[in-house]
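Biologist: Hi! Could you walk me through this model, piece by piece?

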Number of protein chains: 2
Amino acid sequence: MSKTALAAEWEPKYAGRAERMRASEIRELLKVLDQPDVISFAGGIPDPALFPVRQAAEAYAAILGDAAAAGSGLQYSVSEGYLPLRQWIVRHMGSLGVVCDADNVVITSGSQQGLEFLGRLLLSPGDTALTMAPTYLGALQAFSAYEPRYDELRPEDGNRTPASYADAARAAGGAVKFAYVVPSFANPTGETLSRAAREHLLDLAGELDIPIIEDAAYAMLRFEGEPVLPIVALEVARRGSIEKARTIYCGTFSKVLSPGLRIGWIVAPKPLIRRLVLIKQASDLNNATLNQMAMHRMAEAAFDERVAASCAHYRRRRDAMLAALANHMPKGVSWTEPKGGLFTWLRLPEGLDGAALLTRSLAEARVAFVPGSAFFFDDRMRNTARLSYSLPSEDRIEEGIVRLARLI
Amino acid sequence: MSKTALAAEWEPKYAGRAERMRASEIRELLKVLDQPDVISFAGGIPDPALFPVRQAAEAYAAILGDAAAAGSGLQYSVSEGYLPLRQWIVRHMGSLGVVCDADNVVITSGSQQGLEFLGRLLLSPGDTALTMAPTYLGALQAFSAYEPRYDELRPEDGNRTPASYADAARAAGGAVKFAYVVPSFANPTGETLSRAAREHLLDLAGELDIPIIEDAAYAMLRFEGEPVLPIVALEVARRGSIEKARTIYCGTFSKVLSPGLRIGWIVAPKPLIRRLVLIKQASDLNNATLNQMAMHRMAEAAFDERVAASCAHYRRRRDAMLAALANHMPKGVSWTEPKGGLFTWLRLPEGLDGAALLTRSLAEARVAFVPGSAFFFDDRMRNTARLSYSLPSEDRIEEGIVRLARLI
């Protein structure tokens, strides 16, 4: 890992495409969100209309109105996280088919921090990370700091053989260190891996002797159809115990309760959690104590109800977007039909660049989205775009798609 | 950067002495803090009696009681941090002699996260970090993940020549990348660098072409004597502008208002801040939005008043500790006389190991402290201990020192 010497300008350790993308186009996108005439399908962020504001106000008032609780909430706390919150997570994981205890849980600053920690722990320069393509931009950002090579998973279509992945990694001077997937209502495609694909991934990971990092950010937002067990639950069922499993589960409260409190978690075997607690300690000592205490109260009061409300709310918006796409998009444009989550993935006619379309779209149609190229670790499929239906109302979704279709 | 392959056990990337120390002895220390018969001089944590609980309650109630503010507070936000809070920090830095603007500031999850980011940005394995010895354990933890070599600064006694530091770094296979200091009321010694020592450090850094990382965690807690300008202020005065300076200032609200909200900041030239914003984004997207909004209100309402109250409060406790040490410690024990902050540093008779003393002290005297060896990057001066006077009352301080002196 060589770094240019510090000179008059500060040299970045990493300046990969994903970072540049994020820093330029996406920051520009964030700016236009404040302009009321822009219809934004860009941000993959929850609708603030769904935030449990009353429960949050009650939680903070209760904690800060009690001298002992306030003293704890405003103080440092243990790096692994607030015990009652970890116990809530243990019960939640149990409801998903994963028996574990509080020592299998570490609290992170959103699941983003969990991904960054895992990159830091597991990747050396030249190692290989297996991901789907496209995949979550923030994961590529987090991992890329540790200078891996990426190779592509295609769990629905049949992955390559374990030997093929291992050989390619060795030829590149490293080893395969993990497989990263967003198995349910993925960012950016909205697609969900079938149970067979999940089992197939476990087979592959077993043969490669690597963990799977399961990013479950959107998993609770299922609008219809039968839930598929999390990969970690399938592995616990195979091996008999979380301690014998290798899947690392990253969860978050961001999509159901609030991203502004920055609370996610990792569930994994205890030896790994102990490592992650040390990394947490070195990184920022602990998650904000007050927020963990408040989130515990908010989760107790509102998690199930907010899951139901969010699913109903986003389902209406997905319906509006899929209907508008079907009614207005010209031939040669196709899209995914998500059964949950916040996104659909648009495939534009060959030769139409998503980034170029965005520039025109902002200027001429006042519609924002994220060009698909941001979500690839290599340069391909520039004729794609991620559309989020989480923020605009159903009317605005229809109007935005009409404008976008006219442009295409 | 080689890593052992993942096998049945999870391999740590780093398992340095500091981490093990933190994970074993210090975690044990934290546990005994809950036992009311233990007098703890261990934690370097603020006294919760000083937390601005009323102002915190008002801040959260005001934000969560306003629909628009609540919507913002519970949502994602920009990685550089909440603008009104950065503007407050700009005014605060101005009061310390540093003219800058909001684009010179990034909000971090405590100053600990700032240190970790700087290690990640600046250090490659085998590079050299210059620090004092002893120095802040958490900085060693944060930097050690990036596998540097350490070399010792002695700014009061005369550092070695720039060539000597550079040659030693080159011989070790890297380069000197930065100098890290806690110039005011240092953790763990309580000592403060004179203006001459700060200027000397700037000369050295200039000749080595490296930045100084100035950790100002305790700088506001001055009990007596004339303030010394921050190193960054001295460098801005030399060079005429923050943009021409190389010092990286790490500040925090943890010691004056609340560590439980996890809010610190870095002030530096804009090109470096832009890099750090990308690292922040890849690491955890943004600091908890709600806390930044609340901290802005708390700082506006209570910062100056809490500085004054904290100084008066900790000054009484320092006085009690220094008096008790003078009255009860046997010959052969010496200590620093801090003019601010939370710590004094004990030098025990040669051959008396601080860690061994802790074991006996917990068992026989029910007094906790941190053995000095935790604060060294190498193995020396085990006959030392850090005593914090921040938490016990004056009576308990006297009683604890009596018990400890009897043991020694």
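This is a predicted model: local features need pLDDT of at least 70, side-chain atom pairs count only at pLDDT 80 or more; totals for chains, interfaces and linings use all residues.

Biologist: Great. How many helices and strands are in chain A?

Modeller: Chain A has 13 helices and 13 strands.

Biologist: And what box do the C-alpha atoms of chain A fill?

Modeller: Along the principal axes, the box is roughly 60 × 55 × 55 Å.

Biologist: What share of the residues of chain A count as buried?

Modeller: That would be 56% of the 408 residues. There is also a sequence angle to the fold: take the contacts in chain A between residues at least 6 apart in sequence, and 76% of them join residues at least 24 apart.

Biologist: Okay, on to the pair. What rotation superposes chain B on chain A?

Modeller: A rotation of 180°, with 0.0 Å of shift along its axis, and the RMSD is 0.0 Å. The two copies are therefore related as by a two-fold rotation axis. Both copies use the same surface, too: 100% of the contact residues of chain B recur in chain A.

Biologist: How many residues does the contact take from each chain?

Modeller: Chain B gives 60 residues and chain A gives 62 residues. On the chain B side, the helices that each supply at least two residues include α1 (17-32), α5 (110-122) and α11 (289-328). The largest share comes from α10(B), with eight residues.

Biologist: And by class, what is that side of chain B made of?

Modeller: The side of chain B that touches chain A has 33 nonpolar, 17 polar and ten charged residues.

Biologist: Speaking of nonpolar, which residues touch the most other members of the largest nonpolar core?

Modeller: That core has 253 residues, and the ones touching the most other members are A:Ala179, A:Val267, A:Ala294, B:Ala179, B:Val267 and B:Ala294. To take one of them, B:Ala294 touches B:Ala56, B:Ala59, B:Tyr60, B:Ile63 and B:Leu261, leaving aside residues up to four places away in sequence.

Biologist: Let's switch to strands. Are the residues of β2 in chain A buried or exposed?

Modeller: Strand β2 (residues 105-108) of chain A is covered on both faces. A:Val105 and A:Ile107 on one side, and A:Val106 and A:Thr108 on the other, are all buried.

Biologist: Which strand does β2(A) join through four bridges?

Modeller: β2(A) is joined to β8 (residues 264-267) of chain A, and the two run antiparallel. In that pairing, A:Thr108 stands opposite A:Gly264.

Biologist: In what order do the four strands of the open sheet in chain B come?

Modeller: The order is β9-β10-β13-β12, with antiparallel pairing. β9 (334-335) and β12 (370-371) of chain B are at the edges with a single partner strand each, so one side of each has no neighbour in the sheet. Two bridges join β9(B) to β10 (residues 343-347) of chain B, with B:Ser334 opposite B:Arg347.

Biologist: What about β10 in chain A, how many of its residues are buried?

Modeller: Four of the five residues of β10(A) are buried, so to speak "mostly covered". β10(A) pairs with β13 (residues 384-388) of chain A in the antiparallel sense over five bridges, and A:Leu346 has A:Ala385 as its bridge partner there.

Methods:
Residues are numbered from 1 along each chain as its sequence is written. Chains are lettered from A and ligands numbered from 1 in the order in which they are written. Two strands pair if DSSP finds at least two bridges between them. Copies are superposed by least squares on the C-alpha atoms of residues with pLDDT of at least 70 in both. Two residues are in contact if their C-beta atoms, placed from the backbone, lie within 7 Å. A residue is buried if 20 or more other C-beta atoms lie within 10 Å of its own, exposed if 12 or fewer, and partly exposed in between; C-beta atoms are placed from the backbone. Ala, Val, Leu, Ile, Met, Phe, Trp, Tyr, Cys and Pro count as nonpolar, Asp, Glu, Lys and Arg as charged, and the others, Gly among them, as polar. A nonpolar core is a set of buried Ala, Val, Leu, Ile, Met, Phe, Trp, Tyr and Cys residues joined through C-beta atoms within 7 Å.
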